[in-house]
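Q: I'm new to this one. Can you walk me through it?

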Amino acid sequence: MSREPISRRRALGLLGLGTAGAAGWATGLGVPPSDRPKSAARGLAEPQVLASRDGLLDVRLVAAPGVRLAGRDTAGWGFNGTSPGPTLRVRPGDLLRVRLVNHIDQPTNLHTHGMHVSPSGNSDNPFLTIEPGDSFDYAIRIPARHPAGTFWYHPHHHGTVADQIFAGLVGALLVEGAGGEADLPVNGDRLLLVTDTTLDGAGRVASPTMMARMRGREGDLVLVNGQRQPVITAAPGSVQRWRVINGCVSRVLALRLDGHRLTQVALDGAFLPAPVDRDQVMLAPGNRADLLVRPTGSGQYALVSAPYDRGGLGMMGGMMDGGPSASGQVTLATLATAGPAATSPSLPETLPAPAVPQGPVTRQRRLTFAMGMGGMGMGGMGFTIDGRAFAPDRDDQSVALGTVEEWTVVNTSPMDHPFHLHVWPFHVLAGSAGMPPVGVLQNVVLVPARGWVRLRIRFSDFAGRSVFHCHILDHEDLGMMATVNVRG
Ligand code: C2O
Ligand code: CU
Ligand code: CU
């Protein structure tokens with residue numbers, strides 16, 4: 001993949017030159033119309049599945065350039081030659097071994113997003129660096145009582161997380177029920193890993209301007225399992241489980257399906273207490289939803305992401321010609337129903353939701369996510385938590401293992417920031433603008449512009465250091481990340 005030297009990118013960004021010269025980004029150099037697929041749209045393809053056996057999944061993941069995206073050969077990056085990389089299927093109690101081989105031209109590492117596993121050593125450790133040409137052996141022990149659900153993996157090397165995900169380095173990580181029994185009686189179980197990227201005419205991944213990074217880049221192409229607008233076929237009357245992962249760097253998905261309601265059964269890898277019918281399901285970057293779709297009639301129905309405005313850069317943005325960060329409507333896929341009606345299994349009225357943390361709250365904390373001037377030199381903008389940019393060696397929060405805490409995350413900026421905490425899932429108690437409690441454990445929550453959320457977190461099972469951050473990964477790379485040290 002060809003990239004401009006950092007110095008030039010940064011120089012352009014620092015001068016606020018979000019102009020046509022900057023890496024073809026501002027001009028929206030996407031796929032030229034002639035490159036759009038001419039043949040009939042393709043059926044939804046899924047990445048290769050690598051499943052555990054006898055308590056072990058032992059895989060090799062080679063991060064390297066050269067993948068098909070949107071039906072073209074590109075210089076994008078993938079794992080084992082595809083983007084998304086292989087889907088890893090494990091069960092509670094399993095050992096997941098991954099030999100990560102770095103064949104890209106910059107340091108990388110691996111994070112198992114949403115998994116309640118150890119953050120230390122060669123487990124889900126975000127502080128590791130695997131240099132180009134090197135490999136590293138991860139060993140991730142999945143607790144016997146881990147929830148069954150939809151998770152994902154992606155690199156987490158601070159400073160280049162957004163670039164590496166935008167280039168294609170993502171994959172799904174699915175936890176099955178402990179006994180291997182079907183979690184839910186459905187006719188079909190599909191993965192929809194949504195990413196976005198921007199390719200130039202030669203199939204290279206575009207580098208965003210500093211302005212685009214500050215807003216949080218959104219790609220011209222929105223892909224599902226690396227495909228552009230694939231077709232999902234299903235029999236009318238059947239029940240389909242769609243595991244939707246928002247793997248976009250910055251884009252918020254507001255999912256709607258023409259002619260259908262979406263029945264949400266899980267959020268962020270944990271079942272809801274009961275299925276909930278929705279017209280629209282919102283997923284911040286990093287969020288996942290398991291949706292039941294009951295196709296009706298015979299026809300074609302668009303799965304879209306409705307327009308969503310994440311807010312802007314405020315006065316700074318105005319001075320630097322930063323527009324709002326609103327994305328228009330985009331079609332993700334098409335549901336095509338045809339054939340004789342299927343007999344649908346009957347669905348449970350309640351679901352095995354993990355318990356929400358109870359018990360005495362030992363400590364309250366307040367964390368402030370802010371965007372300010374001066375953090376990055378003249379013309380730049382600082383992305384901070386409690387006034388500081390990320391420093392990997394500093395302990396920002398110290399927590400006693402086994403305690404329950406309440407964190408109020410305050411966003412003083414004019415832009416939404418999705419809060420994400422590794423390892424320890426949280427329950428949203430309340431938020432600004434009357435945000436209702438969600439009633440389920442989750443890993444990512446959107447903190448509205450100039451708003452707040454209050455979370456309850458049980459720091460159970462694992463001591464060690466990890467991180468929390470904005471899951472607009474450009475913001476994380478610009479410093480909006482902090483450490484938590486859980487002491488046993
Ligand atoms: Cu999906 Cu720390 O990230
Ligand atoms: Cu994560
Ligand atoms: Cu942010």
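Q: Which residues coordinate the copper ion (ligand 2)?
A: His111 and His420, each through NE2, at 1.9 Å. Keep in mind that this is a predicted model.

Q: Where do histidine 111 and histidine 420 lie?
A: Histidine 111 is in strand 6, residues 111-113, and histidine 420 is in strand 27. The pair therefore ties together parts that are 309 residues apart in sequence.

Q: Are histidine 111 and histidine 420 buried or exposed?
A: Both histidine 111 and histidine 420 are buried.

Q: Now ligand 3. What are the protein donors of that copper ion?
A: His417 gives ND1, Cys470 gives SG and His475 gives ND1. These donors lie 2.0 to 2.2 Å from the copper ion.

Q: How are the donor residues of ligand 3 spaced in sequence?
A: The pattern is H-x52-C-x4-H. Histidine 417 lies in strand 27 (residues 417-421) and cysteine 470 in strand 32 (residues 464-470), so this pair ties together parts 53 residues apart in sequence.

Q: And why does histidine 417 count as buried?
A: Because its relative accessibility is 0%, and buried means under 20%. Cysteine 470 is buried too, with a relative accessible area of 0%.

Q: Let's zoom out. How many helices and strands does the protein chain have?
A: Five helices and 33 strands.

Q: What share of the residues is buried?
A: Buried residues make up 59% of the 488 in the protein chain.

Q: What about the accessible surface of the chain?
A: The total is about 17800 Å². Carbon and sulfur atoms account for 52% of that surface.

Q: How many of the contacts join residues at least 24 apart?
A: 78%, among contacts between residues at least 6 apart in sequence.

Q: On to rings. How many aromatic pairs are found in the whole structure?
A: Nine. One of them joins tryptophan 407 and phenylalanine 468, edge-to-face. Their rings are 5.2 Å apart, centre to centre, with 70 degrees between the planes.

Q: Which strands hold tryptophan 407 and phenylalanine 468?
A: Tryptophan 407 lies in strand 26 (residues 404-411), and phenylalanine 468 lies in strand 32. So the pair ties together parts that are 61 residues apart in sequence. Both tryptophan 407 and phenylalanine 468 are buried.

Q: Which residues form the aromatic cluster?
A: Phe369, Trp407, Phe419, Trp424, Phe426, Phe459 and Phe468.

Q: Which ring does the charged end of arginine 465 sit over?
A: That of phenylalanine 127, 4.9 Å from the ring centre. Arginine 217 lies over the face of phenylalanine 166, at 5.0 Å from the ring centre.

Q: Another arginine: where is arginine 251 found?
A: In the loop between strand 13 (240-246) and strand 14 (253-257). Arginine 251 is buried, with a relative accessible area of 6%.

Q: What does the side chain of arginine 251 reach at 2.8 Å?
A: The backbone oxygen of glycine 219. A polar contact of 2.9 Å also joins the side chains of arginine 251 and aspartate 196.

Q: Which residues does arginine 251 touch, not counting those up to four places away in sequence?
A: Among them are Asp196, Glu218, Gly219, Val222 and Asn246. The list also includes Leu283, Pro285, Ser327 and Val330.

Q: What lies 2.6 Å from a polar atom of the asparagine 187 side chain?
A: The backbone nitrogen of valine 239.

Q: Which residues is asparagine 187 in contact with, leaving aside neighbours within four places in sequence?
A: Ser238, Val239, Gln240, Thr343, Ser344 and Pro345. As for alanine 342, 155 residues away along the chain, its C-alpha is 8.6 Å from that of asparagine 187.

Q: Last stop: which strand is the place of threonine 74?
A: Strand 3, residues 72-79. At 9% relative accessibility, threonine 74 counts as buried.

Q: Which backbone nitrogen lies 3.0 Å from a polar atom of the threonine 74 side chain?
A: That of glycine 76.

Q: And what is threonine 74 in contact with, leaving aside neighbours within four places in sequence?
A: Gly66, Val67, Leu69, Leu199 and Gly203. Leucine 199 is 125 residues from threonine 74 in sequence, and their C-alpha atoms are 8.1 Å apart in space.

How values were computed
Residues numbered from 1 in each chain as written. Chains lettered and ligands numbered in written order. Predicted model: local features only at pLDDT ≥ 70, side-chain atom pairs only at ≥ 80, totals over all residues. Heavy atoms only, no water. Donors = N, O, S within 2.8 Å, 3.2 Å for Na, K, Ca; no water. Helix = DSSP H or I, 4+ residues; strand = E, 2+ residues; numbered from the N terminus. Buried < 20%, exposed > 50% of the residue type's maximum accessible area, 1.4 Å probe, protein only. Contact = heavy atoms within 4.5 Å. Polar contact = N/O pair within 3.5 Å; in protein donor to acceptor, adjacent residues only side chain to side chain. Phe/Tyr/Trp six-rings, centres within 6.5 Å; stacked < 30°, edge-to-face > 60°. Lys NZ or Arg CZ within 6 Å of the ring centre and 35° of its normal. Areas by Shrake-Rupley, 256 points an atom, 1.4 Å probe, with all protein chains shown as cover.
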